[in-house]
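Biologist: Please take me through the labels used for this model. I would like each one set against its cut-off.

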Amino acid sequence: MSEQTWPMSPLPWQQTRWREVSNALRENRLSHALLVSGSAGIGKQHFCRALAALLLCHQRTGEAACGHCKSCDLLRAGSHSDMQWVGVEEGSRQIKIDQIRRFIEFASRTAALGEYKVVLLKPAEAMNANAANALLKTLEEPADNTHLLLIGDDVSRLLPTLRSRCQPLPLADPAKAQSLSWLGQVCGEPRLAEELLEAAAGKPLQAREIFLAGQLDAKKSQHKNLDALLSGAVSALDYPRLVADEDLADILGQFCARLEKNIRQRVGMGERNLTKQFQLLDYLLKERRAVVAGANPNRQLCIETGALQLVQLIGGRRQ
């Protein structure tokens, strides 16, 4: 999402959490550090951007930013002096200590335009050990009127001491009906919304990205290929050739999404011994994160390894 479309309010399925946060802000009890967690593709970054707008807005209207004051205009333009991003820099796989030091220096300043300063840090689990320890020291003595919003898909990877100094704010996956209603407004067709949500493994923001990029047919083809693998029509050793034109990170993401779906189905049927499934999911997520961050593994071996393990665990089952 670009600065030009900076959200001023939360997504429909985030309303309960939003009321909690906005009430805490109004009553002057909002934590200086929030750890926003949840599944990928459900709108964690959207939520935090909207919260940043609310914190920085000069003319709040109820529970949302006004959208037209100087602060809101500067957010849209990407030039707000009291707002800072911390993320993985180009060519790196980690958030490093120098970036945290810049945040510390930023936090020590007086707000230039209003009451608060805001820092969005994403993904929180990308901090290396030195960066995490530097941030921990800052959280022990928080700066006045500075709010740190940490966003993560897998916050269990953070230092326990760091997690303990943040207020946890988990965001739940939206109900299917909520996702479809929202997507229907995005694409204008209920049937298309169904297809988009299916292609995105139930993640509404990913579904919107698929729609805007015109990738629905490509995603359907990817699902067809994965169905062929899991049904045994294509072997794990032949699968790399079948998906030769697909991005490696996308392939690993498809493996993760299908495994997550299978885990939800098994939990729904009362199964509890899912250790192997969660171990494989953790492995696939780590492999995908490394690829996204710039790692260059042996493509064929990476796909074969993931495909073989996926078939062993969920092959032949209805998905």
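Biologist: How do you know that the span of α7 agrees with its twelve residues?

Modeller: The expected span of a helix is 1.5 Å times one less than its number of residues, so α7 should span 16 Å, and its end C-alpha atoms are 16 Å apart. Helices are DSSP runs (H or I, at least four residues), as strands are (E, at least two), numbered from the N terminus. This is a predicted model, in which local features need pLDDT of at least 70 and side-chain atom pairs pLDDT 80 or more, while totals for chains, interfaces and linings use all residues. Residues are numbered from 1 along each chain, and side-chain values use heavy atoms, without hydrogens and water.

Biologist: Why is W6 called buried, and what is W85 called?

Modeller: Buried means under 20% relative accessible area, exposed over 50%, partly exposed in between (1.4 Å probe, protein chains only). W6 is at 4%, so W6 counts as buried; W85 has 34% and is therefore partly exposed.

Biologist: What makes the pair of W13 and W182 edge-to-face?

Modeller: Rings of Phe, Tyr and Trp (its six-membered ring) pair if their centres lie within 6.5 Å; planes under 30 degrees apart count as stacked, over 60 as edge-to-face, the rest as tilted. The centres of W13 and W182 are 5.4 Å apart and the planes stand at 90 degrees, so the pair is edge-to-face. This pair joins the segment before α1 to helix α7 (residues 176-187), across 169 residues. W13 and W182 are both buried.
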